[in-house]
Structure formats: C-alpha cells, structure tokens
Amino acid sequence: MIKLGKTQRLSVVKTTDFGVYLSDEGKQPKSYEVTKGDITADKILLPKNQVPAHTKVGDKFDVFVYKDSEDRPIATTTVPKLELGEVALLTVKETSSIGAFLDWGLVKDLMLPFKEQTYKVQTGDQVLVALYIDKSRRLCATMKVYNYLATDGEYEKEQKVTGLVYEVIDAFGAFVAVDNKYSALIPNKELFRVVKPGEVIEGRITMIHEDGKMDLSIREKGHIQMDADAELIFNRLEEAGGFLPYHDKSDPEMIKLNFNLSKNAFKRAIGRLMKEGRITISDTGITKK
C-alpha cells in the first residue's frame, strides 16, 4: 500500500511523456482516495522533471508521497524536512487568513492551520511542528507536539541539555522539546523567571521518569547556584545604595517577583553573604557592610 506522508521504495510500472508511474504491487489504479495515510490508488505519478534519463519499467525509486496544489497524491524524490508522525523545526514562509505556510523542503509549502497553533506565529519564525493527516485527508502541521515527542533519548540525570519551549501551562510548568525531539518539562517549582513558547533554554536534567520523559531545571545545582544568587543579591544591594527592604521573613512572592528566586534560595544566598561578612540582616532588610 502506498503511504501518504512517508518515504517508501516504489517500482516503475509505466513510463509516459509526463513522467513515470510507480507502484508497490504492480496493480492498475483505482482512485486517489486516502484512508488513514494509505492511498488506495495502486500507482502514483513521479513527474518527468524528477525522472532520470533512461529510466525503464522495473527501476526502483525512494520517493516521498504528498498532495499537489490540486489535492492529488504525487511522488517526489526530494527529501522533506519531516515525515508523518515526526517533529521538526520549520520556518514560517508566510501567514494568511487561514493559517501559516511552512518551508518543509518541497515545492508546495506545508499548511499550519490556526487551530493547530499554540501561539500566533509570524513570517520568519521558526516553529516546532509535527506532521499529521487532517480530516480532509491532507498533510498538515501542528504545534501541539506533546504526543509526538520521543521518550527514548540516551540522557543521564544532571546532564546539561538544550531545548525549545513549545508550550507553557500554568498548572504544570513549561513543556520543552530537548534537542527538538525529546519530551521534557520544567515544573513550576523550577520556574523562577518567565519563559515563553518559542524560547530556547539551557537546562539540567533533574529526573528521568520510568516512561522516559524528563524533568528539567534552568538553575544550577544548589551549591553552584548559591554563589550566583549571592552575587545577584549583592549587586542589587550596591545598585540600591547599600540597603534592600527584604530579609528572611519577607513574603515569598515578593522575593520571586524581585529576584526570580525561591524563598529558600534567597535565604541560602543572604546566609552566604552574611557568613562572608558582606552584609548585615535586620527586621527591616539587608545592609551592605
């Protein structure tokens, strides 16, 4: 069966002036209906401009099958940037009243419908998408990639990774595609600054679950991060003229708002500064020595 949205090896069964017909079974064509990614037609056209000279019946080609501008299945020897069920980072070529069009390496651009966008995209944006077949039996892109991401990466706990934030859900945190392919989450407890969909982040793997999905932190391990947090607070202290109205009993939300730190991280950092003799702490705030 010829598969829509997939690269497959097909044999030449007929040559014509406008190309060659390919098949995996050598049967005569019935129709070009598509059902669940299978094309019920038994042969498909590879246009003449992609057919090497002296091609004959029986020759085999690795081709990708998609639909042309008239919604007819067609083969191409061009390798697309993603296939059915895969995820890839593609560039927005243009936007329109019905959605966006993405460059996926083929003559016909790939449609990204509005309903499949997790945020509004602009021309020139790079977006992480998966390829699927819509209700009209057409190949389309979706930015809702959670169920398409892989969970079999060869990563280790505490490893540093790079990923793309593709969605932020307040109840859970920021969802990340590590290396644009593997499923990960920055839980809310690790989010001490605003991250946005489309942002590339560097993180540290804090947990690998049994299903292979990962938890990330965008902060260093405690003892390393504490040094950075202490310097951040001390620099803010100097900028403020030597006094800040925050201390170890300050409201956690105010600390997070002003320093992007948790209450515990703040307390550890000012404890370090006090131990080093660089500040004093009172009921009204911290003062530079």
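**Reading rings, sheets and a buried threonine**

Reader: Which charged end sits over the ring of tyrosine 21?

Author: That of lysine 43, 5.1 Å from the ring centre. The rule for a charge over a ring is that NZ of Lys or CZ of Arg is within 6 Å of the ring centre and within 35 degrees of the ring normal. Arginine 278 gives another case: its charged end sits over the ring of phenylalanine 234, 4.2 Å from the centre.

Before we go on, a word on what you're looking at. This is a predicted model, in which local features need pLDDT of at least 70 and side-chain atom pairs count only at pLDDT 80 or more, while totals for chains, interfaces and linings use all residues. Residues are numbered from 1 along each chain as its sequence is written, and side-chain values use heavy atoms, with hydrogens and water left out.

Reader: Okay, now rings against rings. How many aromatic pairs does a search of the whole structure find?

Author: The general idea is that a pair of aromatic rings is described by the distance of the centres and the angle of the planes. Rings of Phe, Tyr and Trp (its six-membered ring) pair if their centres lie within 6.5 Å; planes under 30 degrees apart are stacked, over 60 edge-to-face, and the rest tilted. Here the search of the whole structure turns up 10 pairs. One of them is phenylalanine 18 with tyrosine 21: the centres are 6.4 Å apart and the planes stand at 90°, so call it edge-to-face.

Reader: Tyrosine 21 again! Is tyrosine 21 buried or exposed?

Author: Buried, with a relative accessible area of 15%. The cut-offs are under 20% for buried, over 50% for exposed and partly exposed in between (1.4 Å probe, protein chains only).

Tyrosine 146 is partly exposed at 34%, whereas phenylalanine 175 is buried at 10%. Ring pairs also link Tyr146, Tyr166, Phe172 and Phe175 into a cluster.

Reader: You keep using labels like E13. What do they stand for?

Author: They're DSSP runs numbered from the N terminus: E for strands (at least two residues), H or I for helices (at least four).

Reader: And sheets? What order do the strands have in the open sheet that includes E6 and E8?

Author: In general, strands of a sheet pair through backbone hydrogen bonds, either parallel or antiparallel. Two strands count as paired if DSSP finds at least two bridges between them. In this five-strand open sheet the order is E6-E3-E2-E7-E8, with antiparallel pairing. E6 (44-47) and E8 are the edges, each with a single partner strand, so one side of each has no neighbour in the sheet. Neighbouring strands are turned by 55° against each other on average, direction ignored; axes are lines fitted to C-alpha atoms, for helices over the stretch in contact, and angles run from 0 to 180 degrees between N-to-C directions.

E7 (residues 60-67) joins E8 through four bridges, and tyrosine 66 has isoleucine 74 as its bridge partner in E8.

There's another open sheet of five strands, ordered E11-E10-E9-E12-E13, also antiparallel. Its edge strands are E11 (110-113) and E13.

Reader: Let's zoom in on one residue. Where is threonine 76?

Author: In strand E8 (residues 73-76). At 2% relative accessibility, threonine 76 counts as buried. Its side chain makes a polar contact of 2.9 Å with that of glutamine 50. A polar contact is a pair of N or O atoms within 3.5 Å; within protein, one must be able to donate a hydrogen and the other to accept it, and residues adjacent in sequence count only if both atoms are side-chain atoms. A polar atom of the threonine 76 side chain also lies 3.0 Å from the backbone nitrogen of threonine 78. Beyond neighbours within four places in sequence, threonine 76 is in contact (heavy atoms within 4.5 Å) with residues including Leu46, Tyr66 and Leu106.

Reader: Last one, backbone angles. What is the phi of arginine 137?

Author: Most residues other than glycine have a negative phi. Arginine 137 has a positive one of about 65°, and lies in the loop between E12 and E13. Asparagine 180 also has a positive phi, near 60°, and is found in the loop between E15 and strand E16 (182-187).
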